[in-house]
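Please open the model in your viewer and keep the sequence panel beside it. The tour below moves from one selection to the next and says what is found at each stop.

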Amino acid sequence: MTEKKLPAGLHRETLAVRTALPPSQWGENSEALFLTSGFVQPDAETMAHRFAHPQEGYTYGRTSNPTVTSFEQRLAALEGTEAAIGTATGMAAILLLGMGVLRAGDHVVCSRSVFGSTLNLFAKEFGKFGVESTFVSQTDLAEWKAALRPNTRLLFAETPTNPLTEVCDIRALADVAHGAGAVLAVDNCFCSPALQRPSELGADFVIHSGTKYLDGQGRVMAGALCGPSKWIADVFAPIVRTAGMTLSPFNAWVVLKGLETLGIRMQAQSANALAIARFLQAHPAVQRVYYPGLASHPQHELALRQQSGLGGAVVSFDVKGGDPQTLRRNAFTVIDSSEVMSIATNLGDTKSIITHPATTSHGRLTEEQRQAAGIGQGLIRLAVGLEHVDDIQADLQRGLSKL
Ligand SMILES: *Cc1c(COP(=O)(O)O)cnc(C)c1O
């Protein structure tokens, strides 16, 4: 399963468009979608060989598929890792990471601010299999160090976080992990490789929800785990083959094509997000804005250094209000007054999305837990899309002007 022959030293923009398997005998210019569950073998000897050496040929769709391979090669080229493996969803990629890296009796240190399902996966599901997890502050390195144990095997982080856009120092965490004989995995969903490449900062594994910016148009579910070839081929591919969290070829094809425009989308959506963040920061009805691209953000310098100088496309803000009921009413007024943005919980779409974390993604927490997490009733999260920035701004102003 070789790559298309390309000259060495190409830029990332070129790799995003060109990295794939070679075309079929028909010479298609857009990569083919191979919708097939099985692959016909030329003879029994070849079939036997391919079953023993799955990297050398296609046999069955749960094991591998050429469209999925093209996606994996293209994503690895963008992340700057030796290899990548596709999974059905982003959560399946984190499950795969845990299944490959952890054994009963191992310990995990994880940021408290990671995606809610990730928290559950570590605390509840892996807990059933004798893996213990400690959850620590996203930004306080001393807490990460203090949580280390002799059996700590994995450090897991996500940056910037959802919805408060807290940024952790990937290079510093990699040093902590390696000093303790552990590995560092980073969920790179919010920035995508267009803005941030954790492996260049020392992370051992990079996780993706392909559902978000990699697809970029809100169409399909997908995930991926990026890392060294040896790990992917010897540890993770056999688990996918056995456990079946395989990425569908159709979804792989959609995300493969999404990667071609990832760079320009992330730039354009980050520029829109910065303009919206500045608008909100200056608005009298807004209490506080959370956006790494603003100089007022506590990790602004680190974010710019780590994220190719851009803040990403997620902006959160607190409306003013006072008591929790008023805050919620004000937040709902802003959300319900929008006529352009979608009221939804997804992100990473070309369509701007507006959501109320306290009653959705963080709705199952107690009021106490929510306060500890900094998720107030007045908090609104925007996943800024590709509409004209003036239209997004006007959409927000419709509600903000009523407060
Ligand atoms: C959405 C998301 C995931 C999970 O991805 P799915 O494709 O929905 O399984 C993981 N991490 C982050 C940061 C996410 O936003």
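Which side chain has an N or O atom 2.6 Å from a nitrogen atom of the ligand? Select Asp-187, whose side chain supplies that atom. Before going further, note that this is a predicted model, in which local features need pLDDT of at least 70 and side-chain atom pairs count only at pLDDT 80 or more, while totals for chains, interfaces and linings use all residues. Residues are numbered from 1 along each chain as its sequence is written, and side-chain values use heavy atoms, with hydrogens and water left out.

**The ligand site**

Stay with the ligand and show its surroundings: 13 residues surround it, and the closest are Gly-90, Asp-187, Ser-209, Thr-211 and Lys-212 (a residue counts as near if one of its heavy atoms lies within 4 Å). Thr-211 places a side-chain N or O atom 2.6 Å from an oxygen atom of the ligand, and Lys-212 has a polar side-chain atom 2.7 Å from an oxygen atom of the ligand; a polar contact here is a pair of N or O atoms within 3.5 Å. Taken alone the ligand exposes 380 Å², of which the protein buries 93%, the areas coming from the Shrake-Rupley method with a 1.4 Å probe.

**The sheet of 7 strands**

Next, colour the open sheet whose strands follow the order E1-E7-E6-E5-E4-E2-E3 with mixed pairing; strands are DSSP runs of at least two residues and helices are runs of at least four, numbered from the N terminus, and two strands pair if DSSP finds at least two bridges between them. Strand E1 (83-87) and strand E3 (132-136) stand at the edges with a single partner strand each, so one side of each has no neighbour in the sheet. From one strand to the next the twist averages 20°. To look at one pair in detail, select strand E2 (residues 107-111), which pairs with E4 in the parallel sense over 4 bridges, and find Val-108 opposite Leu-154 in E4.

**Helices on and beside this sheet**

Then show helix H10 (residues 229-243), whose axis comes within 10 Å of that of helix H4 (residues 90-101) and crosses it at roughly 115°. Where the two helices meet, residues of H4 including Leu-96, Leu-97 and Met-99 face residues of H10 including Trp-231, Val-235 and Phe-236, with contact meaning heavy atoms within 4.5 Å.

**The loop between E4 and H7**

Which residues does a cis peptide bond with omega about -5° join? Select Asn-162 and Pro-163, the latter in the loop between E4 and H7. The bond from Thr-159 to Pro-160 is also cis, with omega near -10°, and Pro-160 lies in the loop between strand E4 (152-158) and helix H7 (170-179). Thr-165, found in that loop, has a positive phi near 55° although it is not glycine.

**The sheet of 5 strands**

Finally, move to the open sheet ordered E8-E9-E12-E11-E10, again with mixed pairing. Its edge strands are E8 (286-290) and E10 (342-343), each pairing on one side only. Antiparallel to E8 runs strand E9 (residues 314-319), joined to it by 4 bridges, and Ser-316 in E9 is the bridge partner of Tyr-290. Helix H16 (residues 389-400) packs on this sheet, touching E8, E9, strand E11 (353-355) and strand E12 (379-383), and its direction makes about 15° with that of E9.

Key
Axes are lines fitted to C-alpha atoms, for helices over the stretch in contact, and angles run from 0 to 180 degrees between N-to-C directions. A polar contact is a pair of N or O atoms within 3.5 Å; within protein, one must be able to donate a hydrogen and the other to accept it, and residues adjacent in sequence count only if both atoms are side-chain atoms.
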